[in-house]
Amino acid sequence: VPWASAPVPSLFSLAVTSEQIEHLHRRFKQLSQDQLTIRKENFDSIPDLEFNPIRGKIVHAFFDKRNLRQESDGLADEINFEDFLTIMSYFRPIEMNMDEEQLDRFRKEKLKFLFHMYDSDHDGKITLQEYRNVVEELLSGNPHLEKESARSIADGAMMEAASICVGQMGPDQVYEGITFEDFLKMWQGIDIETKMHVRFLNVDTIAHCY
Amino acid sequence: MEVVWAVGQVGAVWMAVVLCLIVLPSALGISLGISEAYMWVLVKTLEWATIRLQKGVKKPQPQMPQTPTANGIIERDETPMEKEIARLHRADFEFSHIFYFCRKGFEAIVEDEVTQRFSSEELLSWNLLTRTNVNFHYISLRLTVVWVIGVIVRYCFLLPLRFTLAAIGITSMIVGTTVVGQLPNSSVKNYLSEVVHLTCSRILVRALSGTIHYHNKENRPQKGGICVANHTSPIDAIILTNDGCYAMVGQVHGGLMGVIQRATVKACPHVWFERSEIKDRHLVTKRLREHVADKSKLPILIFPEGTCINNTSVMMFKKGSFEIGGTIYPVAIKYDPQFGDAFWNSSKYNIVSYLLRIMTSWAIVCNVWYLPPMVREEDEDAVQFANRVRSAIARQGGLTELPWDGGLKRAKVKDSFKEEQQKNYSKMLVRNGSIG
């Protein structure tokens with residue numbers, strides 16, 4: 001099996017069974033139609049994903065080189081199974097035996113993933129326009145909502161972010177955008193680890209003996 | 001010379017055995033108990049194999065979940081969106097929404113409910129067929145020996161036997177219906193046609209080593225009605241005709257299938273459409289309506305899903321069948337995957353390799369439930385009626401209901417469906433008071 005020799009991303013070294021990897025590999029083969037890599041078009045074949053309003057951002061996240069932990073920036077054209085697993089690792093559930101440091105790293109990784117989703121021009125800041133884009137996408141497809149409503153939501157959110165992160169601003173101060181540190185501050189105290197995960201059913205049916 | 005004669009003798013003995021033990025009893029509708037004995041041996045062997053597999057495990061196993069693998073490999077959080085978002089809501093609503101949709105998106109990418117239905121159901125325990133051996137590796141010598149014996153039995157004994165039976169069945173169907181077709185229309189002709197159809201069906205079912213349990217026979221489809229069933233494989237039709245006579249509906253094919261179609265339509269009024277006619281929905285509905293209106297004609301058999309699904313769920317029923325009128329007799333068919341996978345994955349296998357797989361499986365075991373007849377009510381339209389029938393079938397067969405179209409096997413989601421979902425989400429937002 002060719003993929004078996006590929007190094008498993010380090011985030012996965014905690015308690016992911018080989019069955020789960022096999023399942024994911026089968027899914028990968030299904031999506032890639034038996035090719036070695038997946039391109040953006042391959043995600044079109046998932047009916048359940050069709051009516052997800054942020055479908056574009058999710059698919060984009062798979063090809064975002066920042067998420068793939070590659071040195072360069074920008075978007076990859078295609079990803080292989082190892083990259084697929086790397087992105088999947090952002091959605092791992094918490095394990096019982098994690099210590100403080102691991103939990104903290106875990107949380108930061110998930111928030112970073114979310115941050116990258118907002119920050120579409122890769123400049124390390126979420127600007128007002130980028131925020132508006134995300135809100136518009138979330139509300140897309142609703143004929144009753146005006147573009148103005150989406151704008152006002154985004155503006156309100158940015159103002160609140162500014163007040164959390166920068167405090168009172170002077171009349172001519174401009175809030176450029178939410179940096180990752182600000183982003184972390186906004187989410188302090190809110191439990192995201194249990195919201196951003198996909199849990200595999202424990203179906204160790206009949207195990208192999210080696 | 002001697003060799004040829006010896007082979008000829010063996011062949012003759014073989015044919016005689018087959019005829020006496022299998023063909024004759026099926027023609028008369030009686031059972032000699034051979035298949036029951038075979039199934040008993042098979043079940044015992046598979047139980048033994050499962051125990052051996054479990055013993056082969058070295059490390060302690062966690063508690064196995066109650067839900068079967070067939071329903072998915074990830075734990076889905078079925079909280080409705082409203083509850084989910086209310087829980088997360090602090091200051092910014094869109095952050096909550098983005099979590100929800102992110103997770104849903106990832107769940108869909110790892111496994112989506114629809115594509116899952118177009119590949120075979122995964123088994124919880126190995127049934128000694130290599131084709132299902134995805135999760136299972138070498139366990140013990142004894143198990144491997146049993147598996148090898150299984151292979152020999154299946155390929156060297158069962159396959160030729162089944163092939164012979166299938167050949168006999170198909171030939172007698174063609175010959176029988178052609179002969180009966182020569183007779184003038186009368187009750188004798190109808191009776192003889194039923195006999196021929198039933199006999200050949202029984203032979204073909206034996207050819208697949210089929211064990212079928214029929215439930216609620218009092219609800220069997222009557223003349224002038226429409227029989228509706230969930231679709232898993234081309235064998236479904238044979239399973240049903242084993243217990244009653246139906247008028248088939250379908251497209252005219254070429255080759256062997258075409259020969260069978262042309263022969264059978266002489267004896268019994270099946271409804272075969274040319275390819276060009278199928279496109280014209282009004283024509284199809286008209287012809288079927290005429291057939292149903294004639295109360296002396298056999299009930300027609302329709303599979304409204306339009307394509308083969310893997311028998312874990314029932315997909316959208318096409319409303320065309322429910323616009324014809326008349327009484328609908330729903331039938332639920334559930335195959336037992338332990339003995340052989342009946343699902344035809346038409347994108348993976350063509351019909352010949354599919355039939356070969358079926359004939360080298362252990363057996364085809366299925367349950368057929370006849371449900372009480374249903375009629376379209378005054379205020380129901382065809383789609384609602386179709387959904388009602390579908391729910392009844394899904395509930396009886398223990399299958400999940402999915403609102404999706406079987407056509408998704410090959411095409412993309414319809415835009416209208418997508419918009420529907422988006423509207424639901426937006427309605428929820430407005431209600432939540434998050435906007436304006």
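This is a predicted model: local features need pLDDT of at least 70, side-chain atom pairs count only at pLDDT 80 or more; totals for chains, interfaces and linings use all residues.
**Stop 1: a buried isoleucine in chain A**

Select A:Ile87. The residue sits in helix H3 of chain A, which spans residues 81–88. Is A:Ile87 buried or exposed? A:Ile87 is buried, and its relative accessible area is 0%.

Now show its surroundings. Leaving aside residues up to four places away in sequence, A:Ile87 touches A:Ala61, A:Phe62, A:Asn67, A:Leu68, A:Phe113 and B:Phe106. Note the chain letter on B:Phe106, which is among these contacts. Then pick the C-alpha atoms of A:Ile87 and A:Leu68.

**Stop 2**

Move on to charged pairs. Side chains of opposite charge can pair when their charged atoms come close. Over all chains, the structure holds 14 salt bridges.

Select A:Glu137 and A:Lys57. These two form a salt bridge, with the closest N and O atoms 3.6 Å apart. A:Glu137 lies in helix H5 (residues 128–138) of chain A, and A:Lys57 in helix H2 (residues 55–63) of chain A, so the pair ties together parts that are 80 residues apart in sequence. A:Glu137 counts as partly exposed at 25% relative accessibility. A:Lys57 counts as buried at 15%, because the cut-off for buried is under 20%.

**Stop 3: a pair at the end of a loop in chain B**

Select B:Arg388 and B:Glu377. Their salt bridge has its closest N and O atoms 4.0 Å apart. B:Arg388 belongs to helix H13 (residues 382–397) of chain B, while B:Glu377 is in the loop between strand E9 (364–370) and H13, so the pair ties together parts that are 11 residues apart in sequence. B:Arg388 is partly exposed at 28% relative accessibility. B:Glu377 is also partly exposed, at 45%.

**Stop 4: a network in chain A**

Which residues do salt bridges with shared partners join into one network? Select A:Asp64, A:Arg66 and A:Asp119. Within this group, A:Arg66 and A:Asp64 have their closest N and O atoms 3.0 Å apart. Both A:Arg66 and A:Asp64 are buried.

**Stop 5**

Finish in chain B. Select helix H9, residues 255–267. Its buried residues are B:Gly258, B:Ile260, B:Gln261, B:Ala263, B:Thr264 and B:Ala267. What covers them? The cover includes helix H6 (141–182), helix H7 (187–207), strand E4 (247–251) and strand E5 (271–273) of chain B.

Definitions and conventions:
Residues are numbered from 1 along each chain as its sequence is written. Chains are lettered from A and ligands numbered from 1 in the order in which they are written. Side-chain values use heavy atoms; hydrogens and water are left out. Buried means under 20% relative accessible area, exposed over 50%, partly exposed in between (1.4 Å probe, protein chains only). Helices (H or I, at least four residues) and strands (E, at least two) are DSSP runs, numbered from the N terminus. Contact means heavy atoms within 4.5 Å. A salt bridge is a side-chain nitrogen of Lys or Arg within 4 Å of a carboxyl oxygen of Asp or Glu.
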